[in-house]
Amino acid sequence: GYGSDYGGIAMASNIGGSDTDVLGFYMEGDFSATGVTLLDVNLMPKRLIFDVGLFDYQLAFNQYDRGIESDPERYIRPEVKGKGATSQLTLTFLDRMVDVYARYGYQSNRLLQVLDVSGNAFPSVDTSTNTLRNLSLGFILDVTDDRLDPRRGARPEFSRQSLLNDIDPIYSTFAVYDTNLTVYFPVGRRNTWVFNVFKSDAVRESLGSTDRTELTQRFGLDCSGITDPAALANCIATNEQRIDEILASNLYGSATPLGGTQRLRSFVNGRFHAGHALAMGTEFRWNMTEENTLIDWVILRGIRTNIQTAFFAEAGTVADRRDELWDKLKYSY
């Protein structure tokens, strides 16, 4: 849904014999993004780890209706330009078996335009700059045999994300609680069977506006200047969709969405969103090769080569009410 582009990535690993990595990326095309990250800086050796990343972007993404039954042909495409930073402090114990982290995120962005399904821009949108600062507190217990590619064990994780800054009182504020459990079983000499369960819930902390008239006056698309009947009908329908989304967001919030590279991978990024989300999956990782020879090239050294094929099956759902989560599931394989 983002379009096509070109770009490059560069990475330097284990700088000066340490655990520290630096990665930079650049993308340009139908969307653009640049960024740099500094990872695994040991402020206190084997105890306190620091990560930081800086990025900017400009992209138009597909925003679908809320819920698990949203129509794949019905969406709007907000185009957003912004920049931000993410930093994390991790306090670790027992050789990374226990991690407690605090992650701070900052984003400043503004809406450039809103496109309909056909790529036509709506005449009036709020293009003011929004700034968001959030804090995530999390805990990971890693009782596996390998941090990067485990064969056996379990890895539960819990996190809470909330806003730090004051926002326009027309919006509600929420905290999002995520719980994730992954279990690994060895199969044969070198293969692994993985099971995962994920749950996300938005919990309201303050209530914004639930007055549809007020929301329409503030965020509505101005369709009054459109004379073509078909275009006018499309604008009115899209405006209703936009106000429906803001109203539901104020009432129920938005949990971590499903779709993309992590959960319900057969669907586009962020395809399903609502106040609550639930996903489960299983994956068989077939290690076709597992060589012990280390690479020692000019720009790449010390990485064991491995070719792996993964077969997966997933089910997931989202709903604004927790008691409706099991009403309908989507599947991915």
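1. F219 is buried in this predicted model, with a relative accessible area of 4%, a value that falls under the 20% limit for that class. Its ring forms an aromatic pair with that of Y171, and the pair is tilted, at 5.5 Å centre to centre and with 40° between the planes. Because Y171 belongs to the loop between β10 and β11 while F219 belongs to helix α1 (residues 212–219), the contact ties together parts that are 48 residues apart in sequence. Y171, for its part, is partly exposed, at a relative accessible area of 31%.

2. The structure holds seven aromatic pairs. One of them joins F158 and Y177, whose ring centres are 6.3 Å apart and whose planes meet at 35°, so that this pair, too, is tilted. F158 lies in strand β10 (residues 153–163) and Y177 in strand β11 (residues 173–187), so the pair ties together parts that are 19 residues apart in sequence.

3. The charged end of R263 sits over the ring of F198, at 3.5 Å from the ring centre, and that of R265 sits over the ring of F312, at 3.8 Å from the centre.

4. On the surface there is a nonpolar patch made up of L91, F93, L94, M97, V100, F139 and V143, which together have about 560 Å² of accessible area. Of these residues, L91 lies in strand β6 (residues 75–93) and is partly exposed, with a relative accessible area of 34%; that value meets the requirement of over 30% for patch members.

5. As to the strand pairing, β7 (residues 98–115) and β8 (residues 129–141) run in the antiparallel sense and pair over 13 bridges, and within this arrangement R110 has T129 in β8 as its bridge partner. Strand β8 also pairs with β10, again in the antiparallel sense, over seven bridges, and here I140 stands opposite E157 in β10.

Key:
Residues numbered from 1 in each chain as written. Predicted model: local features only at pLDDT ≥ 70, side-chain atom pairs only at ≥ 80, totals over all residues. Heavy atoms only, no water. Phe/Tyr/Trp six-rings, centres within 6.5 Å; stacked < 30°, edge-to-face > 60°. Helix = DSSP H or I, 4+ residues; strand = E, 2+ residues; numbered from the N terminus. Buried < 20%, exposed > 50% of the residue type's maximum accessible area, 1.4 Å probe, protein only. Lys NZ or Arg CZ within 6 Å of the ring centre and 35° of its normal. Patch = residues over 30% accessible without salt bridge, like charges linked within 9 Å, V, L, I, M, F, W, Y side chains within 5 Å. Areas by Shrake-Rupley, 256 points an atom, 1.4 Å probe, with all protein chains shown as cover. Salt bridge = Lys/Arg side-chain N within 4 Å of Asp/Glu carboxyl O. Pairing = 2+ DSSP bridges.
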